[in-house]
Amino acid sequence: MSHRELSARSGIFPVVLWSILLGLPLTTAQAQETLDIYLIDVEGGGATLFVSPAGGTLLIDTGNGGQSAARDTRRIMDAMQDAGVTEIDHLITTHWHGDHYGAMQELASQVPVRHFIDHGPSVESSARVAEFLNTTYRGLYEAAEHTVVTPGDRISLAGINITVVASAKRVIDRSLPGGGEPNGYCADYVPQNEDNGENAQSVGILAQFGEFRVLHLGDLTANTEFELMCPNNPIGTVDLFVVSHHGQPISNTEVLVHAVEARVAIMNNGTRKGGQPEAMQVLFSAPGLEDLWQLHFSQLSGQEYTVPGLFIANSVDEEQPAMPIAPLVPRRGAGAPPRPVHNGEANWIKVSGEADGSFTVTNGRNGFTKEYR
Ligand SMILES: [Zn+2]
């Protein structure tokens with residue numbers, strides 16, 4: 001059989017064959033064709049790594065600080081190593097909460113970060129955040145590039161269109177290709193209490209690689225979802241929706257979640273953060289949603305509202321003998337039982353999107369992969 005016949009039958013076969021003969025990792029060949037997205041487990045915080053087909057990188061948020069900074073930095077760097085990248089071209093910090101910027105200093109001390117992107121100063125009066133922004137963060141971005149984005153801005157990553165759709169509680173005022181139709185869910189929207197904090201300030205983006213579209217809105221809350229999505233939906237539909245705000249029900253309203261008709265949603269929840277029944281019901285009833293994946297089993301879901309274990313990437317350090325059936329009602333303060341801890345080995349959920357819009361999702365814990373053609 002000639003080489004020509006091999007190529008005609010299957011273009012990938014010679015690549016696979018030569019990779020095996022030369023001992024090269026197959027991911028090198030794959031990384032040139034897909035937009036890869038790692039949903040990194042930072043225990044109910046945010047850390048999402050995008051790696052473009054050309055090897056460009058966008059990291060959205062850097063997980064938790066304090067005693068968790070080293071752990072979350074290691075988990076982010078593990079994903080970078082898996083992707084074969086050594087630098088962060090763009091770091092978006094969606095907003096100034098500790099579960100989103102916490103490990104930034106630690107990460108930036110180990111990995112070059114070229115461009116820092118945010119919504120502007122914090123709107124909350126926290127001395128700790130002000131201190132971080134005025135000293136640590138300023139020092140980092142003055143040695144690199146820094147952009148305060150506004151809706152409509154584009155972030156340059158070769159081969160990927162990234163458009164900012166929300167920032168500093170403002171939303172994009174024009175429709176993107178594929179968007180612009182009236183949003184039928186707006187009529188039933190019940191306005192929520194005004195959110196004057198940082199969540200509503202979140203930088204949100206739409207990333208597009210060919211036909212493959214991903215929506216990531218950080219911790220954007222309900223009223224700003226309404227502002228973004230009503231009366232017309234400027235986004236249209238997406239393939240992947242990164243569930244907002246760790247799956248909490250003060251975000252993830254139907255005007256957003258039902259209107260974008262995502263095929264897959266992935267929730268960066270914690271063991272007891274996000275996944276409350278109200279949010280799960282919105283997701284499970286979303287038109288077109290084929291699967292919901294989660295970084296953790298949430299006790300706030302219980303078995304009643306969670307997804308099959310195949311779709312859950314992480315357990316906890318000390319597993320309980322049985323999974324609770326009823327959702328736990330969130331409790332705060334002295335009476336609240338301690339949260340299950342997970343400082344040991346962590347697993348990501350990895351998405352590989354192709355330019356024709358098809359994609360695969362893989363659970364790093366059990367290797368379970370599903371193709372969405
Ligand atoms: Zn958060």
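This is a predicted model: local features need pLDDT of at least 70, side-chain atom pairs count only at pLDDT 80 or more; totals for chains, interfaces and linings use all residues.

Trainee: How are strands held to one another, and which strands does β7 (residues 154–157) or β11 (residues 204–209) pair with?

Mentor: As a general idea, strands of a sheet pair through backbone hydrogen bonds, and the pairing is either parallel or antiparallel. In this structure β7 pairs with β8 in the antiparallel sense over four bridges, with L157 standing opposite I160 of β8. Strand β11 is likewise antiparallel to β8, with five bridges between the two, and here I205 of β11 is the bridge partner of V164. A further partner of β8 is strand β9 (residues 170–171), which runs antiparallel to β8 and is joined to it by two bridges; S167 stands opposite R170 in β9.

Trainee: Why is strand β8 described as largely enclosed by the rest of the structure?

Mentor: The reasoning rests on burial, where a residue is buried if 20 or more other C-beta atoms lie within 10 Å of its own. Six of the eight residues of β8 (residues 160–167) are buried, so the strand is largely enclosed by the rest of the structure.

Trainee: Which residues have the most contacts inside the largest nonpolar core?

Mentor: They are L240, F241 and I266, in a core of 85 residues. To this core β8 gives the most, with five residues. If neighbours within four places in sequence are left aside, the contacts of F241 are L215, V257, V260, A262 and A265.

Trainee: What is the strand order of the open sheet of nine strands, and which strands lie at its edges?

Mentor: The order is β6-β5-β4-β3-β2-β1-β17-β18-β19, with mixed pairing. Strands β6 (145–148) and β19 (369–372) are the edges, each pairing on one side only, and the twist from one strand to the next averages 15°. Helix α4 (residues 69–83) packs on the sheet, where it touches β1 (35–39) and β2 (48–51), and its direction makes about 15° with that of β2.

Terms used
Residues are numbered from 1 along each chain as its sequence is written. A residue is buried if 20 or more other C-beta atoms lie within 10 Å of its own, exposed if 12 or fewer, and partly exposed in between; C-beta atoms are placed from the backbone. Two strands pair if DSSP finds at least two bridges between them. A nonpolar core is a set of buried Ala, Val, Leu, Ile, Met, Phe, Trp, Tyr and Cys residues joined through C-beta atoms within 7 Å. Two residues are in contact if their C-beta atoms, placed from the backbone, lie within 7 Å. Axes are lines fitted to C-alpha atoms, for helices over the stretch in contact, and angles run from 0 to 180 degrees between N-to-C directions.
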